[in-house]
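User: Please take a close look at one part of this model and describe how it is built and what surrounds it. Begin with the sheet and the helices packed on it, then move on to the rest.

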Amino acid sequence: MKIILSKTDDPYYNIATEEYLLKNCSEDIFFLYINSKSIVVGKHQNTLSEINYNYVIPNNIPVVRRLSGGGTVFHDKGNINFCFITTGAKRELVNFKKHTQPMVDFLKSININAHLGGRNDILIEGSKISGNACHVFKSRVMHHGTLLFESELSALTNSLKNDPLKFKDKAVKSVRSKVTNIKSHLKDELTVDEFVKGLAKFISENYSAEYKTLNNEEGDIINTLSNDKYNTWDWNFAYGPKFELKKRIKGNNGKRFEISMKVNKGIITDAKLKGNSKDQKMIEAIETTLQNTKHHPELLYKALNNLNGEGKDLSSEQIIEAIF
């Protein structure tokens, strides 16, 4: 097994690295990385129904979709991400216990009484410190998980707070759990860097692993994958399953509206606007503008602002806030 320690905190690049290592390497790999503040959603999730969009965007928190299924997780400098990529027989590739047990064993080695939970997670005193997911590609599997070391839990809560009545879809839903930080359970003080080095050393000594560094050519391939796939709206938002959206809007002049939409592959396929406004021309213009338009805030804002007379009873800003 090879140990690779990421040299960047770019979430797009690190998630792209996982795909590159899975699909282009033959060695068994243990990959460790820490992302800057970001949200990582599961492959089969509706991103907008998982995040608090009106908190995430103003706070410039990147959102990236990963290859594996499972739920949405919050990353920051206090969250460590581990990834096992191994080759094996197809029926034996998915094995959550096999890939989480080393984390439990390491935690016990530093006097933390961690144990495996019932949802492919790791717990300390009943609180979650690690969520896990996997993805199979041919005869290889990528198993990755989080380790909450000293994560900003308030930002985690605010980023993943959403309106369960706003979206209707068949996407995989995240299960929210009580969480805790590893650091608060340590008997001896450790920094994040010391924890990461200790974990890497533990894997090296117990699994006969050697350290490996990616070369410049590999870095260029990963960078291209990061830019062309993982840092795009089409992958991170539009890729998810089709969904329906319904939201009530407070307009201007005491007017109230209800907007409903159907979105498939990032395109608004149907849009209806109802309200107590007498400006039926405006309502019809908004519906027509939304129809067959990409469900992207900047594009929609530009299109809505081009409407003649739009903004008397309902502004572009009020519509955008409602549908994201």
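Helix H4, residues 96–109, lies across S2, S6, S7, strand S8 (121–124), S9 and S10, and runs at about 170 degrees to S7. The model is a predicted one. Helix H1 (residues 11–24) also lies across strands of this part: strand S1 (2–5), strand S2 (29–33), strand S6 (79–87), S9 and S10. The angle of H1 to S2 is about 175 degrees.

These strands belong to an open sheet of eight strands with mixed pairing, in the order S7-S8-S9-S10-S6-S2-S1-S12. Its edge strands are strand S7 (114–116) and strand S12 (210–211), each of which pairs on one side only. Within the sheet, strand S9 (residues 127–137) and strand S10 (residues 140–148) pair in the antiparallel sense over six bridges. In that pairing, Phe137 stands opposite Arg140 in S10. Strands of a sheet pair through backbone hydrogen bonds, either parallel or antiparallel.

The largest nonpolar core has 38 residues, and the members that touch the most others are Ile39, Ile259, Met261, Ile286, Leu290 and Ile323. A second, separate core has 30 residues, among them Phe30, Val104, Ile129 and Ala200. For Leu290, leaving aside neighbours within four places in sequence, the contacts are Ile259, Met261, Ile268, Ala271, Leu300 and Leu304.

Ile323 also belongs to the buried residues of H11, which are Ser316, Gln318, Ile319, Ile320, Ala322 and Ile323. Because six of the eight residues of helix H11 (residues 316–323) are buried, this helix is largely enclosed by the rest of the structure. The cover over the buried residues of H11 includes S13, S14, helix H9 (280–290) and helix H10 (297–305).

**Lys255, between S13 and S14**

The loop between strand S13 (243–250) and strand S14 (256–264) holds Lys255. Lys255 has a relative accessible area of 21% and is therefore partly exposed, since buried means under 20%. Not counting residues up to four places away in sequence, Lys255 touches Ile249, Lys250, Asn276, Ser277 and Asp313. The C-alpha atoms of Lys255 and Leu314 are separated by 8.0 Å, with the two residues 59 apart along the chain.

Key:
Residues numbered from 1 in each chain as written. Predicted model: local features only at pLDDT ≥ 70, side-chain atom pairs only at ≥ 80, totals over all residues. Heavy atoms only, no water. Helix = DSSP H or I, 4+ residues; strand = E, 2+ residues; numbered from the N terminus. Buried < 20%, exposed > 50% of the residue type's maximum accessible area, 1.4 Å probe, protein only. Contact = heavy atoms within 4.5 Å. Core = buried A, V, L, I, M, F, W, Y, C linked by side-chain atoms within 4.5 Å. Pairing = 2+ DSSP bridges. Axes fitted to C-alpha atoms, helices over the stretch in contact; angles between N-to-C directions.
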